[in-house]
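I opened the notebook to record what I looked up in this model. The entries cover a sheet, its helices and the nonpolar cores.

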Amino acid sequence: MTNTSVAWLAGLVADVQHNCHISDAQHARNYSLCIYLLKMREFYRWEQGYPFRTPLPKEQLGAWLSERETLWEGLESSDFTPLRIESAPLAPFDNHTINLQLVKEGWVYSGGYVGPKPHFFLAELEQVEHRHDTTIYVAGRELARELTAPPAMSLGNTIFLRRESLRRMIWEKLEEWGWGDAERPIARSVARYDFRHDFEQALDAMTSDELETLLQHELGEIEVGFELGGQWEEMLAALPHSRAEYQLRAIRDHLVDCRYTLPWLLDEGRESSLHFFMANYSALRREIFPELEQAYRHWVSGGTLQPLKATLLSGADRWYAEAEQALQLFRQYGEDTARLVALYSEGKPAD
C-alpha cells in the first residue's frame, strides 16, 4: 500500500464513520431504553478497543455517552456525505464502484439498508469469493461502523459477512445467556468448544463455524428474494416498525431457513450450529412456528431427527404460501396498509 493510498484511506474512514453517525442520529432512539443502553455500552467497547472480558470504566462511559448523544443531536437532519475515493467523490450507496477501488487495497465497504435504517461499515478484507452470479465478501477488522452491526447482509447479488461483528455478537450472547445450564441450546452449542481453557481460540473457532451458517442463510435470502420479487421489499417499506413488518420478516426468515439453512446444517451434521440456531430462535418466530422448537426438543430428548426434517419440508411449503398470501393482501389493499397491519397484528392473515 503506497503512502498516497494510505492518505485517502484515512480520509475514507472518517467519511464512512461520519455517515454512520448520521444514521445513528436518525434511528438509534428507536430502541427501547434497555436495548439502547446495552448497545451503547458495547459500541463504546468497540470504539475504545476494550477486550471483551475487561470491565468498562463507568465514569468514562457515562461521559462518552453524553458526548455521543450531543454529536448525534447536531447531525440528525444532515445528509449523507459522498466518499472521497482517491480524487473522485462517490455516492455512499454505490457499493460496486467503491469496492472496485477498495478491494485492491485490501478493504471492503458496504452502504445499504437493513429495514428502514441505512447501514454503513468499512473493514479490512479477509476474502472475496464468487459463486455463480453472487459475490461474497468476508470482512475482518472493522474501521468504521454503527451502533448496530449486522454480522451478515445481502444487497442484490452481493453478500457481506462480518467476522468481527459476528464474533462480538456471539460473545454478547454468551454473556447474556451464560452456559451453565447444560439443557439450554446455548450450552449445547458451546459444548464442543474449549471456552473454559482457551476462550479466544474457542470464540474464533465458533465464529468461523457460524460464518458458514450465515452464508447459507444469505444465499437462501437471495434465492427467495428473486422468487418473491421486488414488491416484497415495497411491502415491508410501507409497514415500518409495525407488528406486520416484524411478522412478515419472520415469515421470510422461516421460508429461507426451512428451505436452505436448516437442511444444510442437517446434511452437514453441524449439530453445534443447530443448537446455536435454536438459541437465537426469537420470541416472534417461536410464536408463529412452535412446531420447529417442538421437533428440536424431540431430538435433544433422545428422539430421531425425522420429525425435524418433516417439519422443515412442510414448513417450506407453508411459509411460501404465507408469503404469497401477504403479497396478495398488499396488492388488494394497496395504500391501505393500516388494514394489513391490523390483519397481522391479530397473529395471522385473514382467510
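Entry 1, terms. I take angles from 0 to 180 degrees between N-to-C directions, with axes as lines fitted to C-alpha atoms, for helices over the stretch in contact. I also note that the model is predicted.

In which order do the five strands form the open sheet? I read S3-S4-S5-S7-S6, with mixed pairing. Strand S3 (107-114) and strand S6 (152-155) stand at the edges with a single partner strand each, so one side of each has no neighbour in the sheet. From one strand to the next, the twist averages 40°. Helix H4 (residues 95-102) also packs on this sheet: I found it touching S3, S4, S5, S6 and strand S7 (158-162). The direction of H4 makes about 165° with that of S3.

I looked up strand S4 (residues 117-131) and strand S5 (residues 134-144), which run antiparallel and are joined by eight bridges. For Glu 129, the bridge partner in S5 is Ile 136.

I then listed the buried residues of H3: Leu 61, Trp 64, Leu 65, Arg 68, Trp 72 and Leu 75. These cover an arc of only 105° around the axis, which puts them on the same side of H3. On the face turned away from that buried side I found the exposed residues Glu 59, Glu 67, Thr 70, Glu 73 and Gly 74.

The largest core has 40 residues, of which Trp 232, Met 235, Leu 248, Leu 292 and Tyr 344 touch the most other members. Elements giving two or more residues to this core include helix H7 (199-228), helix H8 (231-237), helix H9 (243-268) and helix H13 (306-333). H9 gives the largest share, eleven residues. Leaving out residues up to four places away in sequence, I found Trp 232 touching Leu 248, Arg 252, Ala 323, Ala 326 and Leu 327. As background, nonpolar side chains in soluble globular proteins tend to be buried together.

Methods. Residues numbered from 1 in each chain as written. Predicted model: local features only at pLDDT ≥ 70, side-chain atom pairs only at ≥ 80, totals over all residues. Heavy atoms only, no water. Buried < 20%, exposed > 50% of the residue type's maximum accessible area, 1.4 Å probe, protein only. Helix = DSSP H or I, 4+ residues; strand = E, 2+ residues; numbered from the N terminus. Arc of directions from axis to C-beta. Core = buried A, V, L, I, M, F, W, Y, C linked by side-chain atoms within 4.5 Å. Contact = heavy atoms within 4.5 Å. Pairing = 2+ DSSP bridges.
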